[in-house]
Amino acid sequence: MKRLFLMSFIFFCSLASLQAEVTLPPIFSAHAVLQKAAKVPIWGRAAPGEKVTVTLDKATAETTADATGKWRTTLDLSQSSPGPFALIVKGKNQLTVEDVLVGEVWLCSGQSNMEFILRELPADYMEITNSANPSLRQFSVESVDTGVQPDESKGQWTSASPQTAGQFTAVGYYFGKTLQKELGVPVGLIKSARGASACEAWTRRGAFEMDAELKAGAEESIEAMESRPARLQAYLAAVPVWEAKHQRADVADPGLPASNGWQTVTLPGPVAGSGAVWLRRTVTVPGELAGKRLRLDLGNVQGLEQVYWNGVKIGGSSLEQSLISPYRRCFVPEDQVREGDATLLIRLFNSTGNTAILGKSMAAVDSATPFSIDGEWQVQTASSFSDPSPFLAELPPLPGNKPQAIHTATYLFNGQIAPLIPYAIKGVIWYQGEFNSPCAFQYRKTFPLMINDWRVQWRQGDFPFYFCQLANYHPKIATPGESALAEIREAQTLTLALPKTGQAVLIDIGEEGDIHPRNKKDVGARLARMALARDYGKGGEDSGPVYESSVIQSNQIRITFTHTAGKLVARPLPKTYQPRSLSPETVPLVLNRPDSELQGFAICGEDRKWVWADARIDGAGVIVSATGVAKPVAVRYAWANNPTCNLYNEAGLPAGPFRTDDFPLITRNMKFPAHEMPRPQQQSGK
């Protein structure tokens, strides 16, 4: 007993000692960059009531941990030299964080175009090779999406080098490299971005209280995420009972189909009514794919599928798996992929609706060489049920596709922004909006709401917030019309009404066939140009021409601009272009108005029918007209997903898209999360 007591005493003493140790979150770790400012927050945990002293070079501060063990203080680093220094934190123990610099810290956030890393830019190979720069550093926040805020963000600081720079955000790297070179001080980048994310996901839940419409959408998306497990379990429990009651259950072991009784069906498309069917097709595997794992993209499947390759089952889905997403794929193992013909069998079963494989295409894919498997298939009925409509009311509503956290309001703010606050930053660079483009009109409120709330939460005042206007993307159009991408670009431009915001126009560096344009160097440079001019006193023009006003003059409209940097310029356009920079293919560039000095202008009369216009530079303005439009009322410029346009200023920066009209927009009635969250249906397969 004495020995047991002694061991217990030692254990609890060790535990108490461990709990008493002063700690720091990972963002205060080796190679960190701290902002050169008068109030730089430092925080962590210790024993409740424990006295904590923080020192960096000549700056020292003391504080005491609160009743929960949390502590926080600030250092005055406004007069600090760059370092490197050791950050020393003393409590009952001592922490020493080596190689800490003092300089300029910028948060890099948004969607995949900010997440996009330097290594994925083939043309920038030499940039990585020559990237050694101990004064340029990145803290990469680990991806976390959650309804509950964690105490800290996981990640680590790394200095730019040929071994590490490939993992830097490419936009952030070029932005930071430019600042570091021009200012001669350390630059720290905090990368916290997620591909395909919604602006709402980056916004604090409490912020939505300021707008009833935005609050309703945010709460709907959160409810859809949080209630789905219960709705899913209710549906999974009810379906087998319902199937047994109405004699609609599938057989336990279906075996393989008979050799006869086959008919023809075209896929993707509807297959049959409720029940089970077999689908069969011969797939010819080219020699270069033999011995390689083959991915089969089947498309959107209505029902449950079982997939066989030469009689061997290689994939399938349960009822629960089928409710995650209708899109299905499976893989043929390497040892089963042989040159020549193979038989692909798919068994579809649907007790609550019709069997079908929908979508644009079906394909077999290895790492580089896809080939189509859509078109003509053979079909054989295994079982057939009556129309399920009379019985469907007995089932709970379908739980819908599994919501994605990156599309759920607050989830990314909770996981990837809140734990960073109040780390001292100079400002934010942001590249996001693609996901929100279906709700572009609402983005006029959503985006400013997020910016304002970040500033409130950081308590640093109106720190600089510079964002990228969405680049040109999608095929070019022959006639002018409406565009959701143009509308979200306008929403971004309107956000400039907020103080200390700036917009990098990218309408000239996008790619027709790639939502991730590979020219990230110019993106970073344009963002850096704003920061240098506005925050670091370097001067120079940092914006392209900005629409100011318009005047109707008989059969033409005169447009005036600010930010001409001396004069307007009609930049020459190439005769060909590459739809994707990763592909060598080029296609002719068809000009909207071949004889016009400027491209990308459209004009309309009272009938609101847009036509391409002739446009020419006239001093600080542009004169716009078109044959057949005798009484023009409005002009639009670069108003398309992927416009052909060439208006610049003498500083070499492009004019952003604009319109002089106030006509209703196509996204006006779209609300988050209507374009993302699925609504429960009464019947699958309809």
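Biologist: Which residues of the largest nonpolar core touch the most other members?

Modeller: This is a predicted model, in which local features need pLDDT of at least 70 and side-chain atom pairs count only at pLDDT 80 or more, while totals for chains, interfaces and linings use all residues. Residues are numbered from 1 along each chain as its sequence is written, and side-chain values use heavy atoms, with hydrogens and water left out. A nonpolar core is a set of buried Ala, Val, Leu, Ile, Met, Phe, Trp, Tyr and Cys residues joined through side-chain atoms within 4.5 Å, where buried means under 20% relative accessible area with a 1.4 Å probe, protein chains only. Of the 98 residues in the largest such core, those touching the most other members are Ile190 and Trp454.

Biologist: Which strand gives the largest share of this core?

Modeller: Strands are DSSP runs of E, at least two residues long, numbered from the N terminus. The largest share of the core amounts to eight residues, and these come from strand 7.

Biologist: How many bridges join strand 6 to strand 7?

Modeller: Two strands pair if DSSP finds at least two bridges between them. Strand 6 (residues 85-90) is linked by a hairpin of three residues to strand 7, and lysine 90 stands opposite glutamine 94. The two strands run antiparallel, and the number of bridges joining them is five.

Biologist: Which residue in strand 6 does valine 54 stand opposite?

Modeller: Strand 3 (residues 51-56) runs antiparallel to strand 6 and is joined to it by four bridges. Within strand 6, the residue opposite valine 54 is valine 89.

Conventions. Buried < 20%, exposed > 50% of the residue type's maximum accessible area, 1.4 Å probe, protein only.
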